[in-house]
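I opened this notebook to keep a record of what I looked up, entry by entry, for someone who has not seen the structure before.

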Amino acid sequence: MLDFTPDPVAIQLGSLPIYWYGIGYAVGLAAAYVLLTRLAKRAGEDPELVGNGMIVLALAALVGGRAYHVIDQWTLYKDDLLKIVLPPYTGLGVYGGIFTGLLAAIWYVRRQRVSFWRWADIVAPALFLMQAIARWGNFFNQELYGTPTTLPWGIRIDCAHRLQDVYPCSTFPLDTTHFHPLFLYESISGLLGMLFLLWLGSRFRSRLRPGDLLLVFFIWYGVVRFGLETLRSDNWTFFGVPTAQLVSVLFAGSALIVLMYRHRPGHPTNDPLPWRPAEATWGALPAEAWRTRPVDEPWAHLPPAAAEPADADPAGSDSGPGEPAADADSGKAAIDTTDGPDDPAQTGPPKPAAEEPGPAPFSGHDPDRPLD
């Protein structure tokens, strides 16, 4: 049993207290940033988009998470509404943050002209990591605990932090009563979920479609949250049913339906390409044809681009017959996603490699577009 009851204040700077809760979220954001930049590179996307994107998403998630928490714990704020907007912000609802963060993410990727689904896969493991770290702020605030337990990892909750009408110290003595650490369960679930998504994105790339990892995140978190709500006594309810359980069913059920629909037999695909295909070694492979190939890396066995006939080269290119066309910017051979000359269905002269477009990222699969 853990009989230690922590102080929620980490550092006192004069009259300004620095709370462990805020430190937990700051550390979680920093860890998420490191993971996001590394996964962006491995997924073939631009890691430079992470910094500004995290600011936009963090602010949106803060607003949504705070609103969800205030509604959930309205009895704590109804007599002093200023506590809603004044620090310390000792409560955020995950589902509220996910909802507003998702809206902000859609706006941001559309503004940057990049694929939402490919970035969704990058963000999903980072969400788990941030949750695994930030949930420890609940421990220092002595909140997010469950029913009394005799399990060896039960935690003590001071009388002032308890639900007085449910677990008063007169009935549940402080020295002998311990509670389920729901924050710890969510933290462990977040760590395991992150590791699972990282493994899934590496081991089963050929079976994934962009966005699948975010859908798995919704399913995983929804199932875990539904189960943990059965151990809580301060639930926000809707007709007697915990609201978080209803939202969990909505999130997990919708994600499962979408996942099954996207992988139904014969479902056509037009998945977006990564922005930097030659660097993509993690996450969904960007084209349906590659999913049938037993490759270790996405570009290992793709045929080179067909050479343009010599008499049709108006610029006097140095590329001779049978040599791949060179990329004008990087000097690397462009790779064509169409079938090579051995394809019996191909007739007529081979298509020349098209010129690489400008800096705007490409979304959608175009079989005639060379990959840099």
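What share of the 372 residues in the protein is buried? I find that buried residues make up 42% of them, where buried means under 20% relative accessible area, exposed over 50% and partly exposed in between, with a 1.4 Å probe and protein chains only.

**Ground rules.** I am reading a predicted model, in which local features need pLDDT of at least 70 and side-chain atom pairs count only at pLDDT 80 or more, while totals for chains, interfaces and linings use all residues. Residues are numbered from 1 along each chain as its sequence is written, and side-chain values use heavy atoms, with hydrogens and water left out.

**Overall layout.** I noted eight helices and four strands, and from the N terminus on they run β-β-α-α-α-α-α-α-α-β-β-α; helices (H or I, at least four residues) and strands (E, at least two) are DSSP runs, numbered from the N terminus. Turning to contacts (heavy atoms within 4.5 Å), I saw that residues 24 or more positions apart account for 70% of those with a separation of 6 or more.

**Salt bridges.** I looked next for salt bridges, meaning a side-chain nitrogen of Lys or Arg within 4 Å of a carboxyl oxygen of Asp or Glu, and the whole structure holds eight. Glutamate 45 forms one with arginine 118, with the closest N and O atoms 3.3 Å apart. Glutamate 45 lies in the loop between α1 (20-42) and α2 (49-72) and arginine 118 in helix α4, so this pair ties together parts that are 73 residues apart in sequence.

Aspartate 271 forms a salt bridge with arginine 209, and here the closest N and O atoms are 2.6 Å apart. This pair links distant parts of the chain, since aspartate 271 is in the segment after α8 and arginine 209 in the loop between α6 and α7 (212-229), 62 residues apart. Aspartate 271 counts as buried at 4% relative accessibility, and arginine 209 is buried with 9%.

In helix α7 I found glutamate 229 and arginine 225, four residues apart, about one turn of the helix. Salt bridges that share partners join Arg225, Glu229 and Arg232 into one network.

**Arginine 162.** What does a buried arginine do without a salt bridge? I found arginine 162 in the loop between α5 (136-140) and α6 (182-203), and the nearest side chain of opposite charge, aspartate 158, is 7.4 Å away; in this count Lys and Arg are positive and Asp and Glu negative, while His and the chain ends are not counted. Polar atoms of the arginine 162 side chain lie 3.0 Å from the backbone oxygen of isoleucine 157 and 3.3 Å from the backbone oxygen of tyrosine 167.

**Positive phi.** Arginine 113 has a positive phi of about 60° and is found in the loop between α3 (94-112) and α4 (116-134), exposed at a relative accessible area of 55%. Phenylalanine 239 has a positive phi of about 55° and sits in the loop between β3 (237-238) and β4 (241-242), exposed at 77%.

Conventions:
A polar contact is a pair of N or O atoms within 3.5 Å; within protein, one must be able to donate a hydrogen and the other to accept it, and residues adjacent in sequence count only if both atoms are side-chain atoms.
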